[in-house]
Amino acid sequence: MRIALYQPDIPQNAGTLMRLGACLNVGIDIIEPCGFVLDDKRLRRSGMDYLEGVDLVRHTSWTAFETRRRANGQSQGDAGQPSPGRGGSVPRLLLLTTRAALCYTDFVFQPDDILLLGRESAGVPEEVHAAADARLAIPLRPGLRSLNVAMAAAMVVGEAVRQLDAWPR
């Protein structure tokens, strides 16, 4: 499983998600451009010393990310790291969005799924929304818009890891 951050705005959230990825052995993809410099001290502060243990792949654009995802995991990415996919299948792209009808706890996760999180300020554009294989929501109290992106990701990744019995051992 991987978490993909679409053009993240807030370095503290990105750092927190990198820490989550390192702790749960979940890879992180960052789709640029970011709203901050990736070596930002706020990113390092929230990620602490866990950042060295994260499987991090940077993509120069949405197009670069999608090209790589659809390459069936056989090619090298922007920075020469192995692709997130395994076994020749295209990993499913799961968009976490407030516009979804399907609750994440009703979804059956697969080991190679990629959970896509939009920008904190704007979500994702329609092109990206349309590319998702599934759209998942976290039910909220009426009148409230959304959770913090890192909190939302932790909830969904926790459910995926639980379903897959993929806890680090």
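Modeller: Cysteine 103 is buried, because its relative accessible area is 16%; buried means under 20% relative accessible area, exposed over 50%, and partly exposed in between, with a 1.4 Å probe and protein chains only. The model is predicted, so local features need pLDDT of at least 70 and side-chain atom pairs count only at pLDDT 80 or more, while totals for chains, interfaces and linings use all residues. Residues are numbered from 1 along each chain as its sequence is written, and side-chain values use heavy atoms, leaving out hydrogens and water.

Cysteine 34 is also buried, at a relative accessible area of 19%. A search of the whole structure finds zero disulfides, a disulfide being a pair of cysteine sulfur atoms within 2.5 Å.

Aromatic rings come next. The whole structure holds three aromatic pairs; rings of Phe, Tyr and Trp (for Trp, its six-membered ring) pair if their centres lie within 6.5 Å, and planes under 30 degrees apart count as stacked, over 60 as edge-to-face and the rest as tilted. The rings of tyrosine 6 and tryptophan 62 have centres 6.2 Å apart and planes at 70 degrees, which makes this pair edge-to-face. This pair links distant parts of the chain, for tyrosine 6 lies in strand β1 and tryptophan 62 in helix α3 (residues 62-70), 56 residues apart. Here helices (H or I, at least four residues) and strands (E, at least two) are DSSP runs, numbered from the N terminus. Tyrosine 6 counts as buried because its relative accessibility is 8%, and tryptophan 62 does so at 9%. Phenylalanine 107 and phenylalanine 109 form an edge-to-face pair, with 5.1 Å from centre to centre and 75 degrees between the planes.

Strand β1 (residues 2-6) runs parallel to β6 and is joined to it by four bridges; two strands pair if DSSP finds at least two bridges between them. In this pairing, arginine 2 stands opposite isoleucine 114 in β6. Strand β4 (residues 93-96) likewise runs parallel to β6, with four bridges, and leucine 95 stands opposite leucine 116.

In a regular strand the side chains alternate between the two faces of the sheet. In β6 (residues 114-117), Ile114 and Leu116 point one way, Leu115 and Leu117 point the other way, and all are buried.
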